[in-house]
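Visitor: Could you walk me through how to read a few features of this fold?
Guide: Gladly; let us look at the chain together.

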Amino acid sequence: MASAATGCGSRIETGSLPDWADAGFSGDSRIPHVFGAKGDIVAVLFGHPLARARDGGSNNKILWVSRPATTSSATASPATLAITATLDGTDTQVTREVTGGPGPSIIDMPRAGCWHLELRWSGRTDTMDLVYADN
């Protein structure tokens with residue numbers, strides 16, 4: 001369910017990861033994660049809750065897992081996950097890249113709040129919202 005306070009539309013799930021996203025996990029694979037609006041990508045949140053500034057050496061680790069492509073053209077594009085993030089209610093925009101495409105990353109944002117992410121990889125696109133706390 002969306003949070004009225006932030007305007008964020010992407011819900012953090014705590015159930016099992018889908019079969020296409022649980023490679024390398026064992027057991028029930030229950031870890032916080034957020035699905036893209038189209039369901040083509042999932043952000044597995046190892047650094048939950050995400051925060052603008054992290055204490056104690058922890059970080060905003062996100063594992064991006066893409067649903068397997070159904071067409072061969074989707075794999076012909078460059079293997080980079082390009083992220084354009086816009087802070088909700090502002091014109092503040094930042095870009096981040098995950099070299100090699102969806103996979104492990106550290107994604108920090110300059111301010112706390114709800115960030116609307118446009119994701120592009122291997123000729124595919126999806127969107128999601130991630131909330132970064134002030135701490």
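Guide: Strands (E, at least two residues) are DSSP runs, numbered from the N terminus. This is a predicted model, where local features need pLDDT of at least 70 and side-chain atom pairs count only at pLDDT 80 or more, while totals for chains, interfaces and linings use all residues. Residues are numbered from 1 along each chain as its sequence is written, and side-chain values use heavy atoms, with hydrogens and water left out.

Visitor: Which residues cover the two faces of S2?
Guide: In a regular strand the side chains alternate between the two faces of the sheet. Here Ile 41, Ala 43 and Leu 45 lie on one side of S2, Val 42 and Val 44 on the other, and all are buried. With five of its five residues buried, S2 is therefore largely enclosed by the rest of the structure.

Visitor: Which strands does S2 run antiparallel to?
Guide: Two strands pair if DSSP finds at least two bridges between them. Strand S1 (residues 33–35) is joined to S2 by three bridges, antiparallel, with His 33 opposite Val 44. These two strands form a hairpin with five residues between them, and Gly 39 in the turn has a positive phi of about 80°. S3 is also antiparallel to S2, through five bridges; there Ser 66 is the bridge partner of Ile 41.

Visitor: How many residues are in the largest nonpolar core?
Guide: A nonpolar core is a set of buried Ala, Val, Leu, Ile, Met, Phe, Trp, Tyr and Cys residues joined through side-chain atoms within 4.5 Å. The largest one has 22 residues, and Ile 62, Trp 64 and Met 128 are among those with the most contacts inside it. Strands S2 (41–45), S3 (61–66) and S8 (124–132) are among those that each supply at least two of its residues. A second, separate core of seven residues includes Leu 17, Val 44, Leu 63 and Val 65.

Visitor: Which residues does the disulfide join?
Guide: A disulfide is a covalent bond between the sulfur atoms of two cysteines, assigned here when the pair lies within 2.5 Å. Cys 8 is joined to Cys 114, S to S 1.8 Å. The pair links distant parts of the chain, 106 residues apart: Cys 8 precedes S1, and Cys 114 is in strand S7. The torsion about the S-S bond is about 120°, so the disulfide is right-handed.

Note on methods:
Buried means under 20% relative accessible area, exposed over 50%, partly exposed in between (1.4 Å probe, protein chains only). Helices (H or I, at least four residues) and strands (E, at least two) are DSSP runs, numbered from the N terminus.
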